Amino acid sequence: MSSLPQPSAEALEQSHRLTALLQSEILAAGGWIPFSRFMELALYAPGLGYYSGGARKFGPAGDFITAPELTPLFGQALASQVEQVMKASAMQMIEVGAGTGLLAADLLLELERRGSLPLRYGILELSAELRERQFDTLAQRAPHLAARVEWLHALPESFSGAVVANEVLDVMPVHLLVSTADGLLERGVVLAERIKGEGEVLCWGDSPAQGAVLEAALALDLPVPEEGEYLTEINLAGQAWMASWADRLERGAMLLIDYGYPRAEYYLPSRSSGTLLCYYRHQAHADPFLWPGLNDITEFVDFTSMAEAAFDAGLEVLGYTSQAQFLFNCGILDCLARRGPEGSADYVRAARAVQRLTTPQEMGELFKVLAVGRGIETALIGFARGDRLHTL
């Protein structure tokens, strides 16, 4: 990993503290923990994890850029779908994992322009540092609307309206499965002695798959290589989270935007190394044990499993398509046209951002949009036209 920029001394000290916590956890568990537990602590351990430790994550100075960071046109187009859902259910919405708060600001401003402001805009955010950034963003970009926003610390007991989750499912802790000719294993984390020097290091260790992990793996009918291994992920936390909304969503729809595949593409024999990736300063790498707490750890979403979990719990699947088709259906080109003369610098910058959001070689095909809900009688506009290719 010599090509990656070196963290500061302060960041390394935080990572060392998290590593010590992980080592204690492994020892307390008898020498092995599932990767899902490692990922949970690496991302969310209070005060130390990637999303709770205070490091800048989004934008050019962070580790990755999300769609709202590229252009406000993303939120403006999404607002047309949110407006339709709210008018068919209740004039309120929740955004899960609101990042820097840019999407919240863009949605509120566009919904105000449309005359469809939500009575309440809830933000479900676990990171105290990100809650502060979201508050500051809203105070700067939409100060007259900030009073409508409230921060939530848990899912509501009941809710009607629109729910938006942009790049949320991909950072839920996953179990790693290893399919071999000799059976199914779960890949976890163990400690090993350093080759040189004192102390122990984090490294991979396999254990026979069992319980809910084994049951889920058997249901997938994973490829079994004649030689070697087939590595993949199962997002049981994501499935449970999807199902939990069935007890809460009285009327409305959830819009889930993320990168991923339907099951038929996710578990292809050729995808034998899984989809797990780490991001540090806009560079992708494959070592989650490098500087724990300083890297984002993410995986692609199996959208079929997410849809099934919601459906089995009692919600309806309302739509599934590529991000490009969804944004076109929601009028992103109309939003672009409002930016002014086509030759202006602002228009050109916006057009380039739209291209990145919608071209297949960029985010247009890699990202998908899934809608699930209850009590919505009309077809959702984001899925209404032009898509015969994307099925769950």
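## Exercises on salt bridges, a helix face and phi

Arg 37 is partly exposed, at 27% relative accessibility (partly exposed sits between buried, under 20% relative accessible area, and exposed, over 50%; 1.4 Å probe, protein chains only). Before we go on: this is a predicted model, where local features need pLDDT of at least 70 and side-chain atom pairs count only at pLDDT 80 or more, while totals for chains, interfaces and linings use all residues. Residues are numbered from 1 along each chain as its sequence is written, and side-chain values use heavy atoms, with hydrogens and water left out.

**Exercise 1.** Work out which residue pairs with Arg 37 in a salt bridge, and where the two sit.

*Solution.* 
- Start with the rule: a side-chain nitrogen of Lys or Arg must lie within 4 Å of a carboxyl oxygen of Asp or Glu.
- The partner is Glu 25, at 2.6 Å from N to O.
- Glu 25 belongs to helix H1 (residues 9-28) and Arg 37 to helix H2 (residues 35-44), 12 residues apart, so the pair links distant parts of the chain. Helices here are DSSP runs (H or I, at least four residues), strands likewise (E, at least two), numbered from the N terminus.
- Now check Glu 25: it is partly exposed, at 24%.
- For scale, the model has 16 salt bridges by this rule.

**Exercise 2.** Find the buried residues of helix H8, and what they pack against.

*Solution.* 
- In H8 (residues 236-244), the buried ones are Gly 238, Trp 241, Met 242 and Ser 244.
- Looking down the axis, they fall within an arc of 160°, so they line one face of the helix (the arc is taken from the directions from the helix axis to the C-beta atoms).
- Next, their contacts (heavy atoms within 4.5 Å): they pack against strands E2 (92-96), E5 (159-166), E10 (249-261) and E16 (367-374), plus helix H10 (303-313).
- Follow E2 onward: it pairs with E3 in the parallel sense over five bridges (pairing takes at least two DSSP bridges between the strands).
- Glu 95 has Ile 123 in E3 as its bridge partner.
- Four of the five residues of E3 (residues 120-124) are buried, so the strand is largely enclosed by the rest of the structure.

**Exercise 3.** Say where Asp 221 and His 282, each with a positive phi, are placed.

*Solution.* 
- Recall that most residues other than glycine have a negative phi.
- Asp 221 has phi near 55°, and sits in the loop between helix H7 (211-220) and strand E9 (230-234).
- Asp 221 is exposed, at 66%.
- His 282 comes in at about 65°, in the loop between strands E11 (277-280) and E12 (283-285).
- His 282 is partly exposed, at 37%.
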